[in-house]
Amino acid sequence: MILQFIANGIITGSIYALTALGFGLIYNTTRIFHIAYGAVYTTSAYVFYTFYKILNLPLFVSVIAGIAGGVILGILIEMIVYYPLYKRKASSGIFIISSIGVYIFIVNLIAMVFGNEVKILSPGIEKTYEFWGIILTRIQLIEFGGFLIMFLFYIFLLKRTSFGKMVRAVASNPFILPSFGVNVRKLRIEIFAAGSFFASLSSCMVAWDIGMDPHVGMPVLLVSAVSVIVGGVGVFLSPALGGLLIGLTQSLVVWRISARWEQAVTFVILILFLLFRPQGLLGIRKRVEEVL
Amino acid sequence: MNYLLHILIMINIYAILVFSLNLLVGYGGLLSLAHAAFYGIGAYGTTLLMMGIGVNFFPALVAGILMSSFFALFIAYPSLRLKGDYFILASLGFQIIVFAVLYNWIGLTRGPYGIPGIPRPRLFSLEIDSLPEFFIFTGVIFLLVFFFIRILCRSPFGRALKAIREDEMTASALGKNIPSLKIWAFVISAGVAAISGALYAGYVTYIDPTSFTLDESIFILSILLVGGSGNIKGPLVGAVFMIILPEALRFLGLPDTIAPNVRQMIYGFLLVILMRYRPQGLAGEYRFE
């Protein structure tokens with residue numbers, strides 16, 4: 001029994017890890033607390049739904065459309081909302097409020113068009129597989145596999161490409177890169193595209209697994225943000241660790257206590273970390289003046 | 001007429017909330033997403049005392065205020081050590097934990113079933129239950145809160161808070177006791193928010209946890225930011241704007257099913273536009289710099 005819960009925890013954790021990697025990429029480089037990331041996640045699921053259920057296009061095409069929808073929205077938010085603020089050197093408070101505004105706008109737009117009820121995508125019961133007494137569905141295996149592939153791809157991207165090099169450079173000092181002649185505007189767009197890709201991919205997989213409603217983005221955003229903090233701000237791969245840790249903890253809470261406390265437990269973990277280990281598990285301790 | 005009175009009563013209740021949040025956001029510079037939690041603690045605290053022990057509305061209200069102020073300490077303490085995004089996230093965490101407790105502690109709060117049949121407030125022998133009476137009642141309390149906050153904001157306390165908002169290090173170099181000022185700001189703000197919770201419970205006579213969610217916190221914050229924070233005018237404009245907007249939408253003939261969504265979309269859109277061109281909101285003073 002415990003093995004089953006651990007397996008479930010790792011599966012949910014890998015979804016959290018995937019979205020957290022994207023959130024962490026954006027947060028570590030631009031220092032924007034991207035609340036509208038939740039709206040990107042929601043939008044991607046609804047684009048997927050529109051293509052698959054309303055336009056009756058094949059599954060493969062619909063997934064690609066869903067991911068493209070999320071990525072495009074992410075880029076648009078950066079170009080229309082964040083970049084002008086960045087040029088004006090706005091404070092983090094301004095960014096976060098704008099981001100809340102974007103989130104409210106998009107989520108209510110979706111609710112207005114599609115209604116508030118839950119939408120289901122997958123037609124029936126998923127095929128299940130059994131390994132040593134642990135039962136997993138096909139989509140759960142896809143979720144886990146998707147996370148592993150993306151995680152390896154992300155490592156490659158960071159360590160072996162020039163994009164990765166610039167991303168790491170921005171994270172360690174955001175002011176120095178422009179003076180080396182790097183096109184920051186383009187780099188930021190790429191960062192937002194990559195981050196939104198993580199959110200959209202996991203959104204489409206989860207949408208297939210359990211369906212969607214207009215408010216799915218907020219809990220996912222919150223868990224991603226918590227994963228980034230718990231894993232450690234400033235380190236690009238640490239959100240994955242944070243996400244897995246939260247997935248496992250939630251699963252154990254569901255097993256030992258009750259499913260209704262899982263969100264609260266996530267935030268108890270967050271507050272404990274903020275108070276006693278603000279640099280997170282793998283993070284580097286910084287002085288307050290450096291963080292801000 | 002009844003509809004108008006209902007709107008006005010809700011405005012009174014929300015105006016109290018927005019004014020109390022202004023103390024934190026506009027004066028303290030602490031962007032908090034936990035205000036619906038204090039609103040909820042006030043509503044539940046007062047209701048449970050009235051229905052459980054049978055005390056009158058006013059003593060229960062005082063107890064609710066104290067309870068909310070007490071819980072404010074849990075969020076005030078982290079605020080002393082956390083900056084910017086980290087504090088926002090901590091306040092958000094507090095909001096979610098309070099909601100989870102209201103929702104899941106069924107033995108105390110009846111959880112998702114809510115608490116029906118909350119008694120109306122009683123002033124000596126007069127029971128306040130008709131709409132006009134309620135309007136006057138909430139209006140008087142709103143005015144009391146308004147003047148209380150106005151005096152507070154113009155006092156040395158309010159000015160010291162503003163100094164912290166502008167530059168914490170300078171304020172502390174000038175001998176201001178920063179931890180104590182911040183903690184008091186939280187305690188007072190949470191206490192005032194509890195008043196609107198109690199009024200809401202007494203007015204609607206039914207509460208359940210879904211009135212005190214994170215979305216509600218975001219909504220309260222967006223009213224304040226649209227109006228503007230850091231002075232007395234801003235929140236007032238935000239609250240008035242909140243009256244006019246639903247009415248204007250009805251005027252345009254939007255169906256009731258999508259009207260709430262359109263209203264929220266307008267708030268979201270305004271937040272984005274204002275932050276870009278006018279960060280102090282329609283009539284506020286604090287520019288989040």
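I started with the two-chain contact: 35 residues of chain A touch 35 residues of chain B, where contact means C-beta atoms, placed from the backbone, within 7 Å. Before going on, I noted that this is a predicted model, in which local features need pLDDT of at least 70, side-chain atom pairs count only at pLDDT 80 or more, and totals for chains, interfaces and linings use all residues. Residues are numbered from 1 along each chain as its sequence is written, while chains are lettered from A and ligands numbered from 1 in the order in which they are written.

Next I looked up what chain A brings to that side. α3 (59-87), α4 (92-114), α8 (217-231) and α10 (262-276) of chain A each supply at least two residues. α4(A) gives the most, with 15 residues. I sorted the residues on this side of chain A by type and got 27 nonpolar, seven polar and one charged. (Nonpolar is Ala, Val, Leu, Ile, Met, Phe, Trp, Tyr, Cys and Pro; charged is Asp, Glu, Lys and Arg; the others, Gly among them, are polar.)

Then I turned to chain B. I found 12 helices and two strands there, taken as DSSP runs numbered from the N terminus (helices H or I, at least four residues; strands E, at least two). Along the sequence the order is α-α-α-α-α-β-β-α-α-α-α-α-α-α.

I also checked burial: 51% of the 289 residues in chain B are buried, meaning 20 or more other C-beta atoms, placed from the backbone, lie within 10 Å of a residue's own. Last, I noted that the C-alpha trace of chain B spans about 55 × 45 × 35 Å along its principal axes.

Terms used:
Buried ≥ 20, exposed ≤ 12 C-beta atoms within 10 Å, placed from the backbone.
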